Amino acid sequence: MATVAGVDSSTQSCKVVVCDADTGEVLARGSAPHPDGTEVPPEAWWTALQQAGEGLLDNVDAVSIAGQQHGLVALDDSHRPVRDALLWNDVRSADAADDLVAELGGPQAWLDAVGSVPVAAFTAAKLRWMADHEPELADRVTRVMLPHDYLTWRLLGGSDAAPTTTDRSDASGTGYWSAVEGRYREDLLALAFRNRTPQLPRVLEPSESAGRTASGALVAAGAGDNAAAALGLGIGDGDVVISLGTSGTAFARTSQLHTDAFVNGFADATGQFLPLVCTLNAARVLEAMATALRIGIGELDALGRQAPPGADGLVLLPYLSGERTPNLPHATGSLHGLRAETMRPAHLARAAVEGMLCNMADALDRLRAAGATPRRVLLIGGGSRSAFVAETAAHILGAAVTVPAPEEYVALGAARQAAWVLRGGAEPPRWPAAAAVEIPASGDDAVGERIRTAYTQARNALYGN
């Protein structure tokens, strides 16, 4: 039996699944934590991968790394990082992103060039911040990678002789690889990094191999985390995924690139496209509220159900770490509608859930406005494991919601890509769809509309339209 491994190197941890290459059955698992913070030594990811994959990776036939997007890994000519990696959720590069948008001629110029408008998360913005604030370090940079590229390179030996590679999905989140044209824009790299042009990874096709590990396993191209999740779920036309992880994302798989100032025109892991809207705040909102209320995250469900839908007018704007959509990098969270009768634990718990989901409903609206035509909404990520969250989502999104069985879909998608590289073919192997729970749309659209109207009014009152 041939086996493959998929790795999810996320913000918080490294997770490994080993699967049967033909059936997708998960045979083994491993995990290890990552350090907290918005800048991390890349070596910490490699250490976590070794821990999570101990006893697992040496015996597989192929492996693929999926990872958090956008992060900046900058190496010198000795192959050492010149500084800790800046992660996607580090917002110090917000002003740099605004400068880059203006310098090229505005949002439309960026959409025409690469299919996305840079925000603080993008690698290009982080390069500009580094060039302006750490020029001595910037001068030492000879090679730039993304987090998943770095781990793939380490699997291949991590030396000058080892190839540096990436894939379309992750490259499309840099701001200097064009999903429109399928190539690097060296001029935009130079613009971002103040005329410096370090070496960039070669962009592999979805089923192309990067090489082999020391044990002989094929190494796949890898993918960005959302593209890997789409591959793990096996989504098709008309499917929209809302992922409630640390951050929140809403994305769809399309054969044509949808470009919009609010929608990232990313590539997917199959040769098509993955228009995506990202928020900085999703499951972290629930965790923070549980901490504030001094309860376990599992107790938030029962508590939130004790308050009525709409929480009697209490609204939480969930911008706890700034926000990416809407683009408010310096924003903070805020509560609106506080009265004696709403300053209660149950109301606060429900407001946290509803605020998070209203932000994701806005993200879904952005996808629709850009041309996506969702027929089915799949809810995944840690936040989706709450029955209360899933039921509330059906109200607020105004659509039926499918909740696949809990699984590490990013790692599973990476494993499926590894099986594709191993087996070959024009398309990834067909693995059985995950079991799922179907939650019908609410019969009363007025409830969701009332909640979203209150949320929109609170947001507009503080930040404008």
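This report describes aromatic pairs, charges over rings and nonpolar cores in a predicted model.

## Aromatic pairs

A pair of aromatic rings is described by the distance of the centres and the angle of the planes. With centres within 6.5 Å as the criterion, the count comes to four aromatic pairs. One of them joins Tyr319 and Tyr463: the ring centres are 5.8 Å apart and the planes stand at 55°, so this pair is tilted.

The two tyrosines come from distant parts of the chain, 144 residues apart. Tyr319 belongs to the loop between strand E20 (315–317) and strand E21 (334–336), whereas Tyr463 is in helix H15 (residues 445–463). Tyr319 has 0% relative accessibility and therefore counts as buried. Tyr463, at 29% relative accessibility, counts as partly exposed.

## Charges over rings

Two arginines are placed over aromatic faces. Arg92 lies over the face of Trp129, at 4.9 Å from the ring centre. Arg168 lies over the face of Phe273, with a distance of 5.6 Å from the ring centre.

## Nonpolar cores

The largest nonpolar core holds 74 residues, of which Val4, Val16, Trp45, Leu49, Tyr150 and Phe251 touch the most other members. Helix H14 (residues 409–423) is the element that gives the most to this core, contributing nine residues.

Leaving aside residues up to four places away in sequence, Phe251 touches Asn226, Ala229, Ala230, Ile235, Asp239, Val240, Val241, Leu274, Pro275, Leu276 and Leu367. A second core, separate and made up of 57 residues, includes Ala252, Ala352, Ala372 and Val447.

Terms used: Residues numbered from 1 in each chain as written. Predicted model: local features only at pLDDT ≥ 70, side-chain atom pairs only at ≥ 80, totals over all residues. Heavy atoms only, no water. Phe/Tyr/Trp six-rings, centres within 6.5 Å; stacked < 30°, edge-to-face > 60°. Helix = DSSP H or I, 4+ residues; strand = E, 2+ residues; numbered from the N terminus. Buried < 20%, exposed > 50% of the residue type's maximum accessible area, 1.4 Å probe, protein only. Lys NZ or Arg CZ within 6 Å of the ring centre and 35° of its normal. Core = buried A, V, L, I, M, F, W, Y, C linked by side-chain atoms within 4.5 Å. Contact = heavy atoms within 4.5 Å.
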